[in-house]
Amino acid sequence: MQIKVNDTVVVIAGKDKFTTDKKGKKLPKTGKVLKVYPKTNRVLVEGVNIIKKHQKPTQQNETGSIIEKEAPIAASNVMLLDPKVNKPTRVSIVEKEVKGKVQKIRVSKKSGYEFN
């Protein structure tokens, strides 16, 4: 999986693909990755795929409530946002030698930007 925590991603498929601005123009929805689930190939993105969860009354919460929270979405439905050109990009992995050690670095295919 080429997406890591704290990456900024763009949703490219699904119900949360677009958001509308004040003028009614459709814009792709972006968000920060909060958590990655590599076994199930899913990611938790801030402000995307909001679900409503019903909570029963408990001793701490005397009245029941409905909580809105993010749910994981498939990693194939998001792409990394290239900060150089501010567009979604595919990523390649390049081995680079840094201080005598070989490191794998993610590189944008659009602009050549190196993600750390």
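**Entry 1: the largest pocket**

I looked up which element gives the most to the lining of the largest pocket, and I found β9, with 3 residues. I took strands as DSSP runs of E with at least two residues and helices as runs of H or I with at least four, numbered from the N terminus. I note that the model is predicted: local features need pLDDT of at least 70, side-chain atom pairs count only at pLDDT 80 or more, and totals for chains, interfaces and linings use all residues. Residues are numbered from 1 along each chain as its sequence is written, and side-chain values use heavy atoms, with hydrogens and water left out.

For the pocket I worked on a 1 Å grid over the protein atoms alone, where a pocket is an open set of points at which a 1.4 Å probe fits, with protein on both sides within 12 Å along at least five of seven lines. Lining residues have an atom within 4 Å of a point. The largest pocket holds about 170 Å³ of space, a volume being the space filled by probe spheres set on the points, which are joined across faces, edges and corners.

I listed the lining as Met-1, Gln-2, Ile-3, Asn-41, Ala-75, Ser-76, Val-78, Met-79, Leu-80, Thr-89, Arg-90 and Val-91. By type I recorded 7 nonpolar residues, 4 polar and 1 charged. Here Ala, Val, Leu, Ile, Met, Phe, Trp, Tyr, Cys and Pro count as nonpolar, Asp, Glu, Lys and Arg as charged, and the others, Gly among them, as polar.

**Entry 2: the nonpolar core**

I next looked up the largest nonpolar core, which has 13 residues. Such a core is a set of buried Ala, Val, Leu, Ile, Met, Phe, Trp, Tyr and Cys residues joined through side-chain atoms within 4.5 Å. The residues with the most contacts inside the core are Ile-3, Val-9, Val-43, Val-45, Ile-73 and Val-78. The elements giving two or more residues to this core are β1 (8-11), β5 (42-45) and β9 (78-82).

I counted a contact as heavy atoms within 4.5 Å. Leaving aside neighbours within four places in sequence, Val-78 is in contact with Ile-3, Val-9, Val-10, Val-11, Ile-12, Val-43, Val-45 and Ile-73.

I then turned to Ile-3, which is in the segment before β1. Ile-3 counts as buried at 10% relative accessibility; buried means under 20% relative accessible area, exposed over 50%, and partly exposed in between, with a 1.4 Å probe and protein chains only. Beyond four places in sequence, Ile-3 is in contact with Val-9, Val-33, Val-36, Val-43, Ala-75, Val-78 and Arg-106. Its C-alpha atom is separated by 9.4 Å from that of Val-91, although Ile-3 and Val-91 are 88 residues apart along the chain.

Is Lys-29 buried or exposed? I found Lys-29 buried, with a relative accessible area of 18%, in the loop between β3 (26-28) and β4 (30-37). Leaving aside neighbours within four places in sequence, Lys-29 is in contact with Val-9, Val-10, Val-11, Asp-16, Lys-17, Phe-18, Thr-19, Gly-47 and Val-48.

Lys-84 lies in the loop between β9 and β10 and counts as exposed at 57% relative accessibility. Not counting residues up to four places away, Lys-84 touches Ser-111 and Tyr-113.

I placed Lys-110 in the loop between β12 (101-108) and β13 (114-115), exposed at 52% relative accessibility. Leaving aside neighbours within four places in sequence, Lys-110 is in contact with Asp-82, Val-85, Lys-87, Pro-88 and Thr-89. The C-alpha atoms of Lys-110 and Arg-90 are separated by 7.4 Å.

**Entry 3: the aromatic pair**

I looked up ring pairs, in which rings of Phe, Tyr and Trp (its six-membered ring) have centres within 6.5 Å; planes under 30 degrees apart count as stacked, over 60 as edge-to-face and the rest as tilted. The count came to 1 aromatic pair. Tyr-113 and Phe-115 have ring centres 5.1 Å apart and planes at 85 degrees, so the pair is edge-to-face. Tyr-113 is partly exposed at 31% relative accessibility, whereas Phe-115 is buried at 9%.

**Entry 4: positive phi**

Most residues other than glycine have a negative phi. I noted Asn-6, whose phi is positive, near 75 degrees. Asn-6 is in the segment before β1 and is exposed, with a relative accessible area of 51%. I also noted Asn-86, with a positive phi of about 55 degrees. Asn-86 is in the loop between β9 and β10 (87-89) and counts as exposed at 57% relative accessibility.
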